[in-house]
Amino acid sequence: MHVIATAGHVDHGKSTLVRALTGMEPDRWAEERRRGMTIDLGYAWTDLPSGAQVAFVDVPGHERFVPNMLAGVGPVPAALIVVAADEGWMPQSAEHLAALDALGVRHGLLVVARSDLAAPQRAREEALAEIAATTLGEVESVAVSAVTGSGLPDLVAALERLVRALPLAEQKAPVRLWVDRSFTIKGSGTVVTGTLPAGSLRVGDELELGPGGKRARVRGLQSLGAAREQVDAVARVALNLRGVERDDVARGDVLVTPGAFLAADVVDVRVRGVVAAELPAMLVLHVGSAAVPVRVRPLGRDTARLAATAALPLRIGDRALLRDPGRRAVAGGVTVLDVRPPALRRRGAAAARAAELASLDGRPDEAGELRRRGLVRRGDLAAMGVPVTGRPVAGDWLADPETWRGLRALLAEEVRRYLADHPLEPGAPVDVVRQRLDLPDRDLVEELAAGQLPARNGRLSLPAAAPSLPPAVARAVAAVEADLAVAPFRAPEADRLAQLGLGARELAAAVRVGALLKVADGVYLLPDAPARAAAALERLPAPFTLSEARRHLDTTRRVAVPFLELLDRSGVTQRLPDDRRRLRESGTP
């Protein structure tokens with residue numbers, strides 16, 4: 001199917017023309033038919049002789065209904081521009097054309113209607129000259145009279161040529177359906193209509209009412225008045241939804257594939273047709289069928305930042321237009337350059353951002369986006385409209401290669417700096433390093449450290465680092481060593497450790513570098529104490545009791561109990577069922 005918007009000033013002439021082509025009445029309201037003026041969007045369709053189906057979205061021409069017109073042309077890939085032979089080019093025709101140009105519509109056909117009332121040549125030449133200066137460029141033209149039927153066969157032939165020239169829609173793309181009408185049907189519930197520009201819809205599909213919004217399931221699906229199990233783009237569709245009420249959805253809302261789009265309320269854009277600095281501070285952004293107020297912040301000559309009052313599912317490369325509702329005029333077209341722009345907080349940030357945007361053309365580029373962002377989730381990049389081929393570096397994170405190399409070097413430096421500031425700690429906590437490097441996920445830190453820095457118990461240390469202690473701690477440990485040289489199994493008491501300035505952190509550091517052996521909390525001996533004990537206990541008749549071992553080793557019960565348990569665990573001694581012990585055969589640990 002192909003969908004074409006009928007635009008132009010001659011409301012009655014457009015509707016009559018569509019009626020003559022399709023045999024259907026596009027004006028849905030009695031007031032429209034009574035006044036001969038299209039007020040809201042109308043819909044009709046027909047089969048061409050080739051079998052191609054064409055659906056028409058008939059949009060209002062009067063300036064009071066331009067927002068309705070924009071809601072109709074927003075998602076449509078081609079336009080039928082209608083001018084009257086007896087009126088020629090009109091201001092509303094110019095506004096419609098400006099909207100099509102702003103939205104980047106590249107396929108169209110000029111129809112000079114009412115050619116029975118005046119010679120069409122002058123209106124044709126004037127309209128073609130105006131159209132040629134827009135994205136539509138040179139278009140074919142046909143003069144017709146819906147009253148006499150003159151030119152209608154030529155128009156049908158021209159439509160055949162137009163639809164053959166339209167690009168094929170991407171069938172595997174995610175759905176983004178802008179709602180242009182919503183209503184209820186008794187016994188069925190909420191129904192919405194819209195133009196499906198890409199992707200496919202099936203009965204049973206689940207959609208989001210805006211990115212991250214309420215979920216709705218497609219209970220029924222129609223296209224061109226017929227029930228379907230599946231509809232492929234481009235197509236006019238009507239969806240019977242389960243999960244949303246009539247008041248939940250209205251024109252301007254959007255149904256999207258879950259997780260496939262980001263909700264963007266701040267975007268950077270390229271402005272066409274006007275200098276950015278000349279734009280009013282407040283405008284209305286028209287995209288799809290939505291019309292959302294935005295605050296405009298000029299950045300460069302043709303670039304600006306738009307802050308919207310409502311989030312929209314925008315992608316890089318999307319076309320939209322800015323309109324000044326006070327002047328009832330199109331202010332300019334925009335191309336979306338970034339849907340996740342950086343904050344502009346520092347002095348000079350706006351100028352730097354303008355320079356960066358100057359190099360962007362609105363075409364999604366994976367390498368370029370990674371270079372600018374450094375790190376980004378794979379799903380987020382795809383949701384921005386960027387084709388993703390790269391493999392994640394950790395989890396679902398993609399990284400710019402140069403950024404990744406730089407982070408590896410910074411990681412080692414941050415760990416080195418942390419350990420210099422905290423010499424008594426066993427390593428730099430992963431979360432602390434993550435914060436220092438301003439990384440969004442600890443998985444990134446762990447992947448950066450892999451093969452480079454030893455990781456244990458959530459901490460990172462430096463490779464092959466020679467064990468060392470701060471000078472003050474080393475002097476205190478030397479005093480303990482001197483005490484133990486005289487009585488190797490008489491562990492220093494708590495007050496002696498405190499006198500030497502050896503708290504829990506200092507003692508843990510001494511154990512970590514191998515200067516002391518921790519027997520139990522508050523009980524520390526020299527690292528060779530098990531070997532010394534084995535040699536001493538060899539001279540004690542076996543089996544021996546705890547008290548006999550304590551006296552033989554010349555120590556206290558405070559030390560002897562945990563020390564013998566340590567010897568049991570390390571295989572120096574063996575505890576017997578009667579709680580006596582003996583040395584194992586090796587006699588050494």
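A pocket here is an open set of points on a 1 Å grid over the protein atoms alone, with protein on both sides within 12 Å along at least five of seven lines, and its lining residues have an atom within 4 Å of a point. Welcome to a predicted model, in which local features need pLDDT of at least 70, side-chain atom pairs count only at pLDDT 80 or more, and totals for chains, interfaces and linings use all residues. Residues are numbered from 1 along each chain as its sequence is written, and side-chain values use heavy atoms, leaving out hydrogens and water.

**The largest pocket**
- Its lining has 43 residues, and Pro 77, Arg 176, Pro 197, Ala 198 and Asp 318 lie nearest the centre.
- By class, the lining of the largest pocket holds 24 nonpolar, nine polar and 10 charged residues (Ala, Val, Leu, Ile, Met, Phe, Trp, Tyr, Cys and Pro are nonpolar; Asp, Glu, Lys and Arg are charged; the others, Gly among them, are polar).

- Six bridges join strand 17 (residues 282-287) to strand 18 (residues 290-298) in the antiparallel sense, and Leu 285 has Val 292 in strand 18 as its bridge partner.

**Two helices**
- Helix 10 and helix 12 (DSSP H or I runs of at least four residues) are roughly perpendicular to each other (65 to 115 degrees).
- Their contact residues comprise seven nonpolar, no polar and two charged (contact: heavy atoms within 4.5 Å).

Technical notes:
Pairing = 2+ DSSP bridges. 1 Å grid on protein atoms, 1.4 Å probe; cavity = no way out; pocket = protein on both sides within 12 Å on 5 of 7 lines; lining within 4 Å. Parallel < 35°, antiparallel > 145°, perpendicular 65-115°, else oblique.
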